[in-house]
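Welcome, and thank you for taking a look at this one. Let us walk through the model together, starting with the whole and then moving to its parts.

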Protein chains: 2
Amino acid sequence: MTIEIIPIPGLPEVKAGDDVAALIAAAARSAQVALRDGDILVVTQKIVSKAEGRTVDLRTVEPSPLARHIAESGQKDPRQVEVVLRESARIVRMDSGRGVIIAETRHGFVCANAGVDASNVPGEHMVTLLPVDPDASARGIREGLRRALGADLAVIISDTFGRPWRDGLVDVAIGVAGMEAVLDLRGESDTAGKQLKATVVAVADELCSAANLVMGKLARVPAGVVRGYAYQRVDGTARRLVRPPQDDLFRY
Amino acid sequence: MTIEIIPIPGLPEVKAGDDVAALIAAAARSAQVALRDGDILVVTQKIVSKAEGRTVDLRTVEPSPLARHIAESGQKDPRQVEVVLRESARIVRMDSGRGVIIAETRHGFVCANAGVDASNVPGEHMVTLLPVDPDASARGIREGLRRALGADLAVIISDTFGRPWRDGLVDVAIGVAGMEAVLDLRGESDTAGKQLKATVVAVADELCSAANLVMGKLARVPAGVVRGYAYQRVDGTARRLVRPPQDDLFRY
């Protein structure tokens, strides 16, 4: 069955306190995209963080001596480095000379700058943080869409992550509601009749990468719909995509 | 613009010497999928390797003492471990107890078992290796489709990789022909007018993840088409997706 990836353009600049579900429902209507039961809505972290007030004005931040020291060698803003350190549960790798900090967030995600980012945020001194609980953010949008449209969609919050060894960024899932984040094929038989031993597909990540193909960082398209993918309907959580520390060969 | 992801089902079991482009052109015709100029064809590594004879009968393999030692603690087949070692340019991480070998291949890809895999290969003793030159494989399929259909498609060879820190597998690109593997947005301005400093999107990887949504490991759908994504028409190479060692914080 063919899958469609449909952009939802035309959202306004999102402000703290905005109702993301209502904005998306309105933008979809304007774009003549009729959101349906079984659709998967992928929303970028950026607009969710803005709506939840997860922005920081760097002019209010007093950098610590460590933040100053790190910032100095990498020619970064020490106040932004301070925010990154505050958002980090663990520093995984740091290259001060290049100003790169790979950190584990309190959610367990490992990414550059603990998800602190200045792109697509109006204001020279403004950065966004990841949502406090991206699964809850996804659940809230799902509930809002159900109220607005009477339809049951799955909702995924996406963010743009780098990867070790591979160049280039891809979009992955940081919050999930209404679907199982993975497709667990362990124990099933492949086409040659062999039992699959290790095959757990990160479908929520693949859906974010698919949706990113219609979004783009330059156009104001912070949401997209994937239609025609038969997902497993459960409450769901992006925590399923965090590799348990005891299974992670690259934790240290 | 909406993007479509269209499965190409109905391919026969592929054998050494088969013409993958011809098989796909025939399967697409049977499935009434009219392949078009500007389509992106994503083909799984498995059928490409089979067609190129990149399979090994483990009964012909004499394991080295090292392979025997590694296999023993992880309860793996020492002959398969031997093949993994032969396909590796560098062992990145090894957990013998769990039988996990993360290796860099001669192409520069870092993945489990250097891409040696027994799933979806008929015969209890058979494994596949990655193509010797997956870009060349993609080029060959692209040329074959151009001859068969008179249409210029981009072709990507996909494989299924794990990732550090994140659970679950995703499909990524190991061979590319006819398109730029990345979308380089560095120097462009975002919606807030800020210049993007680090944004290089791994679009070939995102296209493989998108295509995987219609493929699946269980159904015999080893190819899919992404239609409606405006890619940059160049010769292209998946080597662009290998992070240069000097930029790789996780090389060691």
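By what turn and what shift along the axis can chain B be laid on chain A? A turn of 180° and a shift of 0.0 Å along the axis do it, with an RMSD of 0.0 Å; the superposition is by least squares on the C-alpha atoms of residues with pLDDT of at least 70 in both copies. The two copies are thus related as by a two-fold rotation axis.

Before going further, a word on reading the model. It is a predicted one, in which local features need pLDDT of at least 70, side-chain atom pairs count only at pLDDT 80 or more, and totals for chains, interfaces and linings use all residues. Residues are numbered from 1 along each chain as its sequence is written, while chains are lettered from A and ligands numbered from 1 in the order in which they are written.

Now to the place where the chains meet. Here 54 residues of chain B are in contact with 54 residues of chain A, where contact means that the C-beta atoms of two residues, placed from the backbone, lie within 7 Å. On the side of chain B that touches chain A, the elements giving two or more residues are the strands E1 (3–7), E4 (88–95), E5 (100–105), E9 (170–177) and E11 (200–201), together with helix H6 (203–215). These names follow DSSP runs numbered from the N terminus, with helices (H or I) of at least four residues and strands (E) of at least two. H6(B) gives the most to this side, with seven residues. Sorted by class, the side of chain B that touches chain A holds 30 nonpolar, eight polar and 16 charged residues. In this sorting Ala, Val, Leu, Ile, Met, Phe, Trp, Tyr, Cys and Pro count as nonpolar, Asp, Glu, Lys and Arg as charged, and the others, Gly among them, as polar. Because 100% of the interface residues of chain B are also interface residues in chain A, the copies meet through the same surface.

Next, look inside chain A. It is divided into domain 1 (4–54 + 131–244) and domain 2 (55–128), with bounds that come from an automatic or database domain assignment. The C-alpha centres of domain 1 and domain 2 of chain A lie 25 Å apart. Between them, 13 residues of domain 1 of chain A are in contact with ten residues of domain 2 of chain A. On the domain 1 side of this contact in chain A, helix H2 (45–51) and strand E8 (154–161) each supply at least two residues. H2(A) gives the most to that side, with three residues. The side of domain 1 of chain A that touches domain 2 of chain A has four nonpolar, three polar and six charged residues.

Helix H1 (residues 20–30) and helix H5 (residues 134–149) of chain B pack at an angle of about 50°, with their axes 8 Å apart. The axes are lines fitted to C-alpha atoms, for helices over the stretch in contact, and angles run from 0 to 180 degrees between N-to-C directions. H1(B) and H5(B) are therefore oblique to each other; angles under 35 degrees count as roughly parallel, over 145 as roughly antiparallel, 65 to 115 as roughly perpendicular and the rest as oblique. Val20(B), Ala21(B), Ala22(B) and Ala25(B) of H1(B) meet residues of H5(B) including Ile141(B), Gly144(B) and Leu145(B). This contact of H1(B) with H5(B) has eight nonpolar residues, one polar and no charged.

For the other pair, helix H3 (residues 65–74) and helix H4 (residues 78–87) of chain B pack at about 120°, with their axes 8 Å apart. That angle makes H3(B) oblique to H4(B). Leu66(B), Ala67(B), Arg68(B), Ile70(B) and Ala71(B) in H3(B) meet Pro78(B), Val81(B), Glu82(B) and Leu85(B) in H4(B). By class, this contact of H3(B) with H4(B) has seven nonpolar, no polar and two charged residues.
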